[in-house]
Amino acid sequence: MNLIETNELCKKYSKALVINHVNMHVPEKSIYGFVGENGSGKTTIMRLVMGLVEPTSGGFSLFGIPNRDRRIHDVKRQVSAIVETASLVPSMTARDNMIYQELYLGIKLSDDERKELLTKVHLENVGKKKVKNFSLGMRQRLAIAMALMNKPKLMLLDEPMNGLDPEGIAELRELLIELNQNEGITILISSHILSELEKIATTYGFISHGQLLEEITSDELHNRCRKSLSLAVNDLDNAKEVLEKLGLKEYSIMPNGDIKIYDNVSITKLVVELSKKNVEVLNMRSSEESVEDYYLHLIKGVM
Amino acid sequence: MSRLFKAFMFKLRKDITFRVTLIVGASVAVFLTLLYLLLDYALFEGEEHVFLNGQSMLITSLSPTQNFGLAIPVNLITYTVLEFTQGSIRNKIISGHSKAKLYLSLYLNGLIFAFSLLIVYVLICFGLGSLIGGFDPEGSFIGGISSIAGGATTLGEGYILRILIIAVLVYAGIVAFTIFFASLFRNIGPSIPVVILVLIMCNLVSTFTSFPGIDEKFIWVMRIVNPLHALSATEVITTTTKDAYDNTIVNASVNMTNETFFSGIGSNIFYIFAFLFGGLVIFKHRDVK
């Protein structure tokens, strides 16, 4: 079952179509990594799904309930979200912020439960410090603790790693994996830190200029990520001649002068042919495309 | 809705700005009392409480455009705009509250916010005025220059009740109007000048109707169009009676005519619903960032 499903979802601001017929599927119990450049439409889709923004056309469903159905409001009680910035009352303490949210959520947590949540995000010692005196990272962590208050089945996190230090990022990563694996919480997460996303996401959605380019599972992605061979040589022109002679079509010259070969090639044959042309191989390594490479390769096809 | 209300009450209890505003309101009330006391001493050597008495302080303190009156919408704008800028509205929508319920709760919360401040201010003014000057002393100064010109020194029967009913409706309208602009602009900058300007203009126009020789048609239009008219207009009603020797005795008192009272109720109810409904429709269709 998909907890979030969008159907030809569109959003227009003035004349600009910022979300363009998006059909997105967030499977239950997945960590859905939402990848896209700034202004690609990630946050807008999250806002649309959370009912903050009205779609221009198309629709979506949450837990199978269509957005026009009145039951959508009840279903949203199982959802929590941090969209862009943490929504906190700066003049109140962490505890008061939690009580305030409990009241409008219609839940009641004990002091121990509140403490437990704060401990989860390493804010157990904030005492009566007002939120306005928190650092950006502390606010982000408090927002995450508060997002867990209603024991959600689905969490939408828009750039949750913003403002966190490396240690905080690692802790958040562990927390999200734990929530997903132990408590079965489905997580839709967007982040610019693709290397971090790569460590937790089980499904990816790539978006650019308001268009969802591809949805792919983590396993599929790793199968598709192209393997490449990088060479550093002393004579680039002669090396290119050798590559042409060997019939290699898929290669590119990197900005630092390295040659990146995507075609399958016998390394022995390649080195021998280069040597015949007096091209010295200074460095050679094989690598696999990262999520970032894959995404950049994907958007090149669109732009 | 009850969840939103409980959350609002909790936030209000914790809100330092609200507490400070309450203290400011109480201080303004005490200051106003002292000012009127000084005025009585300066003009009548304290022998008569023409300015400082219960009924005059009650009527003065109900004015939405004088003294503390303007501070109420200004503070309400600040409170409402913060609901948007701090992301509380966003969180409430995310947690499943419909936009319609949210807007209505903003209005109901606004009523509690405004009336808490107003009641504290009015009660202190009225209480101190009655305590020092008595409720209704002989020759009290009611309604300003026009009542003096009309020779009225007493209040007509039921006037206080009418003023209170109109004041409740006027403030309920001001709350609807304030919430409308605060949630439309979602920014303190333009909201405060617009609300203050409109209130001052309404008050200014309503004072024109007290001018001698003003066209009756203009007064009628104002009764219907201007929601502050009934609260600001001072009408001197004269009645004549004959004494035992068949002499005609003219009695003049400050009162509110039925026309002014009922058109005041009508126009204020209209504005409450117009701003509430208009705000609701706009809020439902506008995006929340």
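## Chain B overall

In chain B, 77% of the contacts with a separation of 6 or more are between residues 24 or more positions apart. This is a predicted model, in which chain B holds twelve helices and three strands. Of the 289 residues of chain B, 51% count as buried, and carbon and sulfur atoms contribute 70% of an accessible surface of about 13,300 Å².

## Strand β10 of chain A and its two faces

Turning to chain A, strand β10, which spans residues 203-208, is mostly covered, with six of its six residues buried. In a regular strand the side chains alternate between the two faces of the sheet. In β10(A), A:Thr203, A:Gly205 and A:Ile207 point one way, while A:Tyr204, A:Phe206 and A:Ser208 point the other way, and all are buried.

## Pairing partners of β10(A)

Strand β4 of chain A, made up of residues 31-36, pairs with β10(A) in the parallel sense, and five bridges connect the two. Within β10(A), A:Phe206 is the residue that stands opposite A:Val35.

The strand β11 of chain A, covering residues 211-217, runs antiparallel to β10(A) and is joined to β10(A) by six bridges. Here A:Ile216 in β11(A) stands opposite A:Tyr204, a residue that points the same way from β10(A) as A:Phe206.

Notes: Residues numbered from 1 in each chain as written. Chains lettered and ligands numbered in written order. Predicted model: local features only at pLDDT ≥ 70, side-chain atom pairs only at ≥ 80, totals over all residues. Heavy atoms only, no water. Helix = DSSP H or I, 4+ residues; strand = E, 2+ residues; numbered from the N terminus. Buried < 20%, exposed > 50% of the residue type's maximum accessible area, 1.4 Å probe, protein only. Contact = heavy atoms within 4.5 Å. Areas by Shrake-Rupley, 256 points an atom, 1.4 Å probe, with all protein chains shown as cover. Pairing = 2+ DSSP bridges.
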